[in-house]
Amino acid sequence: MTESVNPKITSAGLLLLRIFASALMIHHGIEKLSDVQGFTTYIVDQYFGFLPFNHALWTAGAAYTQIIGSICLLAGLATRASALGLASTMVFALAFHGLDTGLQGAPLGIVDAHNYEYETSALYLAIFAVLTLWGSGSFSISSLFKSVLPEKLQPWA
């Protein structure tokens, strides 16, 4: 016997994910903008020196993705596109933490000061992957306007 989950409960769960992930992620973007040169020098230049263009552009791009993407995610506006952008910033965060501190004995190791560097990025990536796949649910701005969008854009709303 298979049980189906009430779509309203699923939408409520997606709303909770969107609210918490957005509220917690937005400050990461603001933090980057507060010291673009510092983040660029100590993170982008050191760990992602292969990236083209001025590295400060990558810092600003990540910051604005985290700010604007979080606002859109919170509202449920272009959720899949926003979550995909935010997930991409977490791929870089995971790469940075992997290069900087490694896996720190995961999953059973215990590190000094009990501070695992990569866990938060991994959790954000998982949340943003779920939201990229499932979308915002019915409790979102996108769901109000989805029917007026062209059919090819509706899945990304």
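1. Where is the place of F53? In this predicted model, F53 sits in the loop between α2 (36-47) and α3 (55-75). The backbone there deserves a look: F53 has a positive phi of about 70 degrees, although it is not a glycine. Most residues other than glycine have a negative phi.

2. On accessibility, F53 has a relative accessible area of 67%. It counts as exposed because that value lies over 50%.

3. A78 is another non-glycine residue with a positive phi, here of about 50 degrees. A78 belongs to the loop between α3 and α4 (79-101). Its relative accessible area is 29%, so A78 is classed as partly exposed, the class between under 20% and over 50%.

4. The largest pocket holds about 710 Å³ of space. It is lined by 30 residues, and those closest to its centre are K32, F39, Q66, T89 and A93.

5. Which elements give two or more residues to the lining of the largest pocket? They are α1 (7-34), α2, α3, α4 and α5 (119-134). Of these, α4 supplies the largest share of the lining, with seven residues.

Definitions and conventions:
Residues numbered from 1 in each chain as written. Predicted model: local features only at pLDDT ≥ 70, side-chain atom pairs only at ≥ 80, totals over all residues. Heavy atoms only, no water. Helix = DSSP H or I, 4+ residues; strand = E, 2+ residues; numbered from the N terminus. Buried < 20%, exposed > 50% of the residue type's maximum accessible area, 1.4 Å probe, protein only. 1 Å grid on protein atoms, 1.4 Å probe; cavity = no way out; pocket = protein on both sides within 12 Å on 5 of 7 lines; lining within 4 Å. Points joined across faces, edges and corners; volume = space filled by probe spheres on them.
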